[in-house]
Amino acid sequence: MSKQAYNCYYNELLSKHTSWKVGGPADIFFTPQNRDDLSNFLKSNQGNPITWLGNGTNVLVRDNGIRGAVISTKKSIDKINMETDNSCRVEAGASCMDLALFAEKNQLGPAAFFSGIPGSIGGALTMNAGSFGHETWEFVETVEVIDESGDIHYLHLKNLNSHTDQSNFLFPCGSSPA
Ligand SMILES: Cc1cc2nc3c(=O)[nH]c(=O)nc-3n(C[C@H](O)[C@H](O)[C@H](O)COP(=O)(O)OP(=O)(O)OC[C@H]3O[C@@H](n4cnc5c(N)ncnc54)[C@H](O)[C@@H]3O)c2cc1C
């Protein structure tokens with residue numbers, strides 16, 4: 001592994017970033033420090049393949065690794081803040097456990113089911129993770145997404161027709177009334 005900048009690595013072994021501890025190298029492994037950092041990276045990376053990674057609890061990476069850039073939102077872009085009296089804004093790198101604890105502390109409703117899911121919010125949105133009769137998208141009102149050109153879009157759930165529509169987007173940030 002060689003380091004290009006403080007948050008961008010070449011040939012980073014993905015076995016270090018997946019729960020199964022398997023997986024060869026990513027050509028580039030990038031952990032954005034904030035949304036501007038992510039946007040700038042995407043603008044400079046156009047044409048190269050991108051793979052998103054959260055906590056790596058639902059992926060199996062082959063020994064050959066992944067060509068192009070792997071963008072990891074784990075432990076970066078991970079803030080959770082109150083949005084209104086009964087909703088919060090959760091960034092993609094926040095863990096499901098942190099959201100469960102935040103929702104409990106702020107009396108936001110039935111989010112305890114998130115505590116059993118070892119992933120991040122970005123992964124939970126992509127997988128529509130769920131347990132104990134609840135699933136992630138039940139609690140989502142709007143999502144802020146970034147496309148591969150680095151441009152940010154705001155999507156309201158009522159404009160998305162199905163979970164297929166929902167999971168076709170990239171999720172650097174999510175806003176969910178919990
Ligand atoms: C012990 C164990 C228990 C589990 N229990 C449950 C359970 O109770 N319920 C359940 O539903 N699942 C469960 N899972 C599966 C897994 O935790 C979930 O699917 C979780 O939502 C994956 O999140 P992650 O952050 O680890 O995503 P990853 O594994 O890193 O990625 C999963 C998918 O999400 C995409 N992704 C991740 N982050 C982003 C992002 N920021 N932007 C765009 N795409 C992104 C990835 O590209 C990939 O396609 C369990 C797994 C383990 C190992």
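Helices (H or I, at least four residues) and strands (E, at least two) are DSSP runs, numbered from the N terminus. The model is predicted, and local features require pLDDT of at least 70, side-chain atom pairs count only at pLDDT 80 or more, and totals for chains, interfaces and linings use all residues. Residues are numbered from 1 along each chain as its sequence is written.

**View 1. Phe 132 in the loop between β8 and β9.** Phe 132 lies in the loop that separates β8 from β9 (134-135). Its phi is near 50°, a positive value in a residue other than glycine. Phe 132 is exposed, with 11 other C-beta atoms within 10 Å; a residue counts as exposed at 12 or fewer such atoms, as buried at 20 or more, and as partly exposed in between, with C-beta atoms placed from the backbone.

**View 2. Lys 21 in the loop between β2 and β3.** The loop between β2 (8-13) and β3 contains Lys 21. Although not a glycine, Lys 21 has a positive phi of about 60°. Lys 21 is exposed, as 11 other C-beta atoms lie within 10 Å.

**View 3. The shell around the ligand.** The ligand is surrounded by 27 residues, the closest being Gly 54, Gly 119, Gly 122, Gly 123 and Ala 129; a residue is near a molecule if its C-beta atom, placed from the backbone, lies within 6 Å of it. At least two residues of the shell come from each of β4 (50-53), α3 (121-127) and β8 (130-131), and α3 gives the largest share, five residues. By class, the shell holds twelve nonpolar, 15 polar and no charged residues; Ala, Val, Leu, Ile, Met, Phe, Trp, Tyr, Cys and Pro count as nonpolar, Asp, Glu, Lys and Arg as charged, and the others, Gly among them, as polar. Because domain 1 (2-72) and domain 2 (80-176) both give residues to the shell, the ligand lies between them; the domain bounds come from an automatic or database domain assignment.

**View 4. The largest nonpolar core.** This core has 33 residues, and Val 70, Cys 96, Leu 99 and Ile 121 have the most contacts inside it; such a core is a set of buried Ala, Val, Leu, Ile, Met, Phe, Trp, Tyr and Cys residues joined through C-beta atoms within 7 Å. Elements that each supply at least two core residues include β5 (66-72), α2 (96-105) and α3. Domain 1 and domain 2 each contribute at least three residues to this core.

View 5. Strands β10 (residues 142-146) and β11 (residues 152-156) run antiparallel and are joined by five bridges; two strands pair if DSSP finds at least two bridges between them. Val 145 stands opposite His 153 in β11. Five residues separate the two strands of the hairpin, and Gly 150 in the turn has a positive phi of about 90°.
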